[in-house]
Amino acid sequence: MDVFSYFNYWVVVVLMMLGFFIVIARGNLVKKLIGLNIFQTSVFILYISAGKVMGGAAPILADGVELYSNPLPHVLILTAIVVGIATTSVGLALVVRIHAAYGTVEEADILEQDATC
Amino acid sequence: MSTLWLWASDACLLIGSFLLLTGALGFLRFPDFYARIHACGVTETLATGFVLLGLLLRSDDAMPQVKLVLILLFVLFSSPTASHALAKAAWNAGVRPRDNSGKRRVSLPHTDP
Amino acid sequence: MLCLLVATAIALIAVRGLLASIMLTSVYGLLSASFFVTMDAVDVAFTEAAVGAGVSPLLLLLTVAIVGRREAASNARRLVVPLLLVTVTGALLIIGTLDMPSFGSPDAPAQTHVAPRYLQQSGDEIGIPNVVTSVLASYRAYDTLGEVLVIFTAGVAVLLALAPAGQGGSARAEPPAPEHLAPHTILQVVSKLLIPFMLLFAFYVQFHGEYGPGGGFQAGVIFASGIILYGLLYGLPTVCRVIPPPVVEVLAAVGALIYGLTGVLSLLAGKNFLDYSALAADPVTGQHIGIIAIELGVGIAVAAVIITIYYAFAGRLHTRED
Amino acid sequence: MLSFTIIVILLVMLVALARAFTGPNVFDRVLAANLFGTKTVLLIAAISYLLGSPDYLDIAVIYALINYISVIGVLRVTEIRRERRQAGAE
C-alpha cells in the first residue's frame with residue numbers, strides 16, 4: 001500500500017474541513033456561503049476520484065478503447081454542480097433580504113439586534 | 001506528422017513557456033498595479049499565441065485544429081478586453097500609477113467625467 | 001494540482017474582504033475544473049467551466065455590490081472551538097479513508113456494480129457514444145427530472161425572496177428606470193463580437209452532447225452567460241427589452257414541462273414513465289428522440305432559471321440605487 | 001516538451017496564486033484570477049494533447065469565451081460604487 005493511493009481522499013478531507021471551518025468560524029454570511037461552496041466542491045472531488053479508473057479513458061465510447069472511467073459519478077456531479085449554483089443563489093438571495101432587514105450581514109450583529117428587540 | 005513539424009512545435013512551445021515565465025516574473029516583481037497589468041497583458045497574448053501554435057502544429061486532425069484556432073481568436077479578443085476593463089475598474093476605484101521613486105503619485109490628465 | 005487547490009482554500013480562510021474572497025473562489029473553480037479534466041471527467045469539467053467561469057463569481061459579485069464588501073474581523077478566542085471541532089472531525093474522516101479502496105483501482109466496489117453494464121450495453125441500447133449523456137438522460141432520467149425541478153424551485157425561491165415588497169410579487173413587470181451607464185465602447189464592441197459565438201457555442205454544446213462532452217445543463221449555463229454579459233454592458237433595461245422577464249419565467253416552466261411531457265408521452269405509448277423506447281417504432285430511434293427532447297427541456301429550463309436569477313439580483317441592485 | 005510546458009503553466013499558476021493571496025489591493029487579485037483563467041485555457045489544451053483526447057478542447061473554448069465576464073462584473077461593481085459615492089457627495 002503506498003501513500004499516493006489515499007492522497008486524493010486526504011485532500012478531500014482537508015478541503016472539506018477547511019470549508020467547514022469557514023462556515024462555522026466566520027461571521028460574515030457571504031463568506032459562510034463561500035465556505036459552503038468549498039465543502040461542496042470537496043464532495044465533488046471525492047465522487048470523481050472514486051470514479052477514476054487508472055488508465056481509463058473518458059466515458060465517451062470510441063473504437064479500440066477498452067477501459068473507461070466510471071460514468072455514474074460524472075452524471076451525479078454534473079447535475080450537482082448546476083443544482084449547487086441554483087441553491088447558492090437562493091442562499092445569496094436570503095443574504096440580500098437579511099441585509100435589507102437588518103442592515104448588516106455579520107452574524108454577531110444580527111444576533112445582537114435580535115436580542116435587543 | 002513529420003519530425004519537422006514536431007521540431008517546430010517544440011520550438012513554439014519553448015518560446016511560449018519562456019514568455020509565460022517572463023510574464024509571471026513581471027507579475028510578481030513589478031512595483032505597481034498598472035505595470036503588473038502591462039506584464040500580464042502584453043506577454044500573455046503572445047505566450048498564448050505561441051503555445052497554441054505549438055499545439056496546433058502537433059495535431060493532424062481537422063477538428064482540434066479548428067478548435068485551437070477558435071480558442072486563439074477568442075483569447076486574442078477577450079484577453080486585452082479584460083485587461084482594459086480591469087485597468088478602467090482600477091482607475092474608477094482611485095488606484096493611480098506611481099513614478100520612479102515609487103512614492104509620489106503621478107498627476108495624469110484627469111479623465112473622470 | 002490538488003496541492004494548489006488546498007493552498008487556495010487556505011488562502012480563502014486567511015484573506016479578509018469579500019471581493020478578494022470572490023476572486024479566490026473563482027481561482028478555486030478554475031483549479032477544480034482542471035482537476036476534473038485530469039480525472040477523465042470531461043462532462044463535469046465542462047459544467048464546472050461553464051458555471052465557475054461566469055455565473056458563479058458574478059452572482060457573488062452582485063450580492064457583494066448590494067451588501068457591501070466589508071468583513072468584520074473575527075474574534076480570535078471564538079476560533080478555538082471551531083478549530084478543535086474541525087481537527088477532530090478531520091482526523092476521524094482520515095481514519096475512515098483508510099478503509100477506502102485504493103485510488104484508481106478497477107475492482108473497487110464503485111466500479112463493479114452498475115457501471116460496467118452502462119459501459120457495455122448503452123452502445124446497443126441507446127446508441128450514442130457519450131455514456132454520461134445516456135446515463136443522465138435515459139437510465140437515470142427520473143433523477144435528472146428531480147434535479148431540473150430543484151433548479152426550477154430555486155429560481156422560484158429567488159424570485160420570491162427578491163421581488164420588492166408591496167408590488168404583488170411581479171415587480172419586474174415594469175422595467176426599471178434607465179440607469180446611467182458609463183460609455184464602454186471597446187467592451188461593447190468586443191462583446192458584440194463574442195456574444196453571438198457564445199450563443200452559437202451553447203447550441204453546439206446542446207446538440208453535440210450525445211457525441212462529445214456537453215448537454216442541456218452546460219448549454220443552458222453558457223447561453224445564460226451570454227445574455228448576462230449583454231446585460232452587464234448594456235444595462236438591465238436593454239436586456240429586459242430583448243428578453244422580457246415574464247417570457248423567461250414562462251420559459252423556465254416550459255423547459256421543465258417539456259421534460260415531464262416526454263415522460264407522459266412514453267407513458268401514453270404503453271411503456272414506463274420516461275422510457276423513450278416507446279416514442280418510435282425502433283427502440284434506439286425512440287431513445288434518440290427522447291434524449292434530444294429532454295436535453296432541450298433541461299437546456300431551456302436551466303438557461304431561463306439562471307437568467308431569472310440574474311434579473312432578480314440586478315433588479316435589486318438598481319432599486320437600491322435610488 | 002509538452003510536459004515541460006505544462007509544468008511551466010503550473011508554475012505560473014502558483015505565482016498568480018501567490019499574487020492573489022498577497023496582492024496589495026483588490027485589483028491585483030482580480031488580475032491574478034484573470035491570469036489564472038488564461039493559463040487554465042492553455043493548461044487544459046496542453047493536457048488534452050498529453051492525454052491524446054481532443055474532446056477536452058471544448059472546455060478550453062468555453063474558458064476562452066466566457067472567462068472575462070467576471071472581470072467586467074468587477075468593473076460594473078466599481079462603477080456602481082463610484083456612482084453611489086458621487087450621489088452621496090452631492
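Me: How many helices and how many strands does chain C have?
Reply: This is a predicted model, and in it the elements of chain C, read from the N terminus on, run α-α-α-α-α-α-α-α-α-α-α-α-α. The count for chain C is therefore 13 helices and zero strands.

Me: What percentage of the residues of chain C count as buried?
Reply: A residue is called buried here if 20 or more other C-beta atoms lie within 10 Å of its own. Among contacts in chain C with a separation of 6 or more, residues 24 or more positions apart account for 71%. Of the 322 residues of chain C, the buried part is 52%.

Me: Which helix of chain C gives the most to the side that touches chain A?
Reply: Among the five pairs of chains that touch, the most contacts are between chains A and C, and this contact takes 78 residues from chain C and 68 residues from chain A. By class, the side of chain C that touches chain A has 53 nonpolar, 18 polar and seven charged residues. With 13 residues, the element that gives the most to that side is helix α3 (residues 42-67) of chain C.

Me: How far apart are the closest C-alpha atoms of chain A and chain B?
Reply: No contact joins chain A and chain B. Their closest C-alpha atoms lie apart by 16 Å.

Me: Are α2(C) and α2(D) roughly parallel or roughly antiparallel?
Reply: The axes of helix α2 (residues 18-38) of chain C and α2(D) come within 9 Å and cross at roughly 10°. Angles under 35 degrees count as roughly parallel, so α2(C) and α2(D) are described as roughly parallel.

Me: How do the residues in the contact of α2(C) with α2(D) divide by class?
Reply: From α2(C) the contact includes Leu19(C), Met23(C) and Leu30(C), while the residues from α2(D) include Arg29(D), Phe36(D) and Ile47(D). By class, this contact has 14 nonpolar, five polar and one charged residues.

Me: Which helix supplies the largest share of the side of chain D that touches chain B?
Reply: In this contact, 38 residues of chain D meet 41 residues of chain B. On the side of chain D that touches chain B, α1 (2-22), α2 (26-51), α3 (57-66) and α4 (69-89) of chain D each supply at least two residues, and by class that side has 28 nonpolar, six polar and four charged residues. The largest share, twelve residues, comes from α2(D).

Me: Is Asn34(D) buried or exposed?
Reply: Asn34(D) is found in helix α2 of chain D, and, leaving aside its neighbours within four places in sequence, it is in contact with Ala82(B), Leu86(B) and Val71(D). Because Asn34(D) has 29 C-beta neighbours inside 10 Å, it counts as buried.

Me: Which residues of chain D does UniProt list as "transmembrane region"?
Reply: Over residues 30-52 of chain D the chain is 96% helix, and over residues 59-77 of chain D it is 89% helix. The unreviewed UniProt entry lists, under "transmembrane region", residues 30-52 and 59-77 of chain D.

Technical notes: Residues are numbered from 1 along each chain as its sequence is written. Chains are lettered from A and ligands numbered from 1 in the order in which they are written. This is a predicted model: local features need pLDDT of at least 70, side-chain atom pairs count only at pLDDT 80 or more; totals for chains, interfaces and linings use all residues. Two residues are in contact if their C-beta atoms, placed from the backbone, lie within 7 Å. Helices (H or I, at least four residues) and strands (E, at least two) are DSSP runs, numbered from the N terminus. Ala, Val, Leu, Ile, Met, Phe, Trp, Tyr, Cys and Pro count as nonpolar, Asp, Glu, Lys and Arg as charged, and the others, Gly among them, as polar. UniProt positions are given in the numbering used here, feature names are shortened, and annotations may be inferred rather than shown by experiment. A residue is buried if 20 or more other C-beta atoms lie within 10 Å of its own, exposed if 12 or fewer, and partly exposed in between; C-beta atoms are placed from the backbone. Axes are lines fitted to C-alpha atoms, for helices over the stretch in contact, and angles run from 0 to 180 degrees between N-to-C directions. Angles under 35 degrees count as roughly parallel, over 145 as roughly antiparallel, 65 to 115 as roughly perpendicular and the rest as oblique.
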